[in-house]
Amino acid sequence: MLFLGLQVLLAFLHTAEGSIKVAESYWTLKPNELVVDEDVVKYGSKVLVPLMCGEMFDGQDVVWRRDSGEELEERGNRILVMVEERRGGTYTCYSREGTYLNHTLVLVQWPYRKIIKDTPEKGFIHCSTKNYSGSFQCSWTWDDKRAGKVALVKAVRAHSGGNISCSLNSSGHGITCYDHEYCPYSEELDNINLTIYFRSNYVVESYSQRFQISDIVKPDMVNIIKKNNTLELQYPNTWNAPFSYFPLTFQVKEIRCRKKSDCDCASRQSSKVNLIQDQHWPLKKGVTVCVRVQDDLCSSAWSEWTQYKYVLEISIFTVFY
């Protein structure tokens, strides 16, 4: 739908019904999708929205229908339609003979946050990556009371624009994005500006985040291998190489567990927490070793814990998610 020239409709203001105002702010979400950025969500509030079938149809007798086929009284290439509260709709224009010409989906963006949930640990949207490959993932939790879907994802570098593509995961609960111009061997100077538009019926909500890859990196879990009386702490298989250029810091703590249910690295306290880069740790009987890693060059997230317990010549290697 072409929206250029819609301001011409402001000449019709004197014909507006009563005190109903014409929308002053509206923008194109996608082709043929117009979003009204107005406070029209209060009970009983109304606003007039200008629509145009297409510049090539100026001067023609254009017929308009809404949603299921209700014909509007307004005719012509440029009309004003009324949006009440958050009730948008699809407006289709036809020639006088009934030939389809074009259509516009009218949506309303409101300031509330109701389509997805705000979780205590991750907020509305959580983004992370397991390495510096240029790929990252973002996830969210849908609100149980609303049928929501992703309307549009925009991801750009703040200054250069970049070349970032995103796709919706099959679960519908996240996206995977890839920066095609990202180089892990050069300093990251530009932020990624991510905006996700969610839609429920005719309502649109937008959520934005700003970050660099180094801000959201979270390594995968450590691999632990027993060699004689020593534990070898191995870099995650998904971490970037060479390790000398992408060093990790190991956080190691030893805990004693009376029973299996007590052996939780995340909750159990230790008298001493060690930060090392050496990939070897002495093995002790009756002690559970907990290990996690973090990028040594930035204060990003730690990996999940990996634990290793050695009991009477029987080794137990477990991981916790």
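Tutor: Start with a definition. A charge sits over a ring if NZ of Lys or CZ of Arg is within 6 Å of the ring centre and within 35 degrees of the ring normal. Keep in mind that this is a predicted model. Lys114 lies over the face of Tyr112, at 5.2 Å from the ring centre. Arg113 does likewise with another tyrosine: its charged end sits over the ring of Tyr207, 4.5 Å from the centre.

Now look at ring pairs. Two values describe a pair of aromatic rings: the distance of the centres and the angle of the planes. The structure holds 16 aromatic pairs. Take Trp140 and Trp142: their ring centres are 6.0 Å apart and their planes stand at 85°, so this pair is edge-to-face. The cut-off here is an angle over 60 degrees. Trp140 counts as buried because its relative accessibility is 5%. Trp142 has 14%, so Trp142 counts as buried as well. The limit for buried is under 20%.

Next, go to Phe198 and Tyr207. Their ring centres lie 5.4 Å apart, with the planes at 75°, so this pair is edge-to-face too. Phe198 is buried, at a relative accessible area of 0%. Tyr207 is buried, at 5%.

Now put Tyr207 together. Its ring pairs edge-to-face with Phe198, and the charged end of Arg113 sits over that ring.

Conventions:
Residues numbered from 1 in each chain as written. Predicted model: local features only at pLDDT ≥ 70, side-chain atom pairs only at ≥ 80, totals over all residues. Heavy atoms only, no water. Phe/Tyr/Trp six-rings, centres within 6.5 Å; stacked < 30°, edge-to-face > 60°. Buried < 20%, exposed > 50% of the residue type's maximum accessible area, 1.4 Å probe, protein only.
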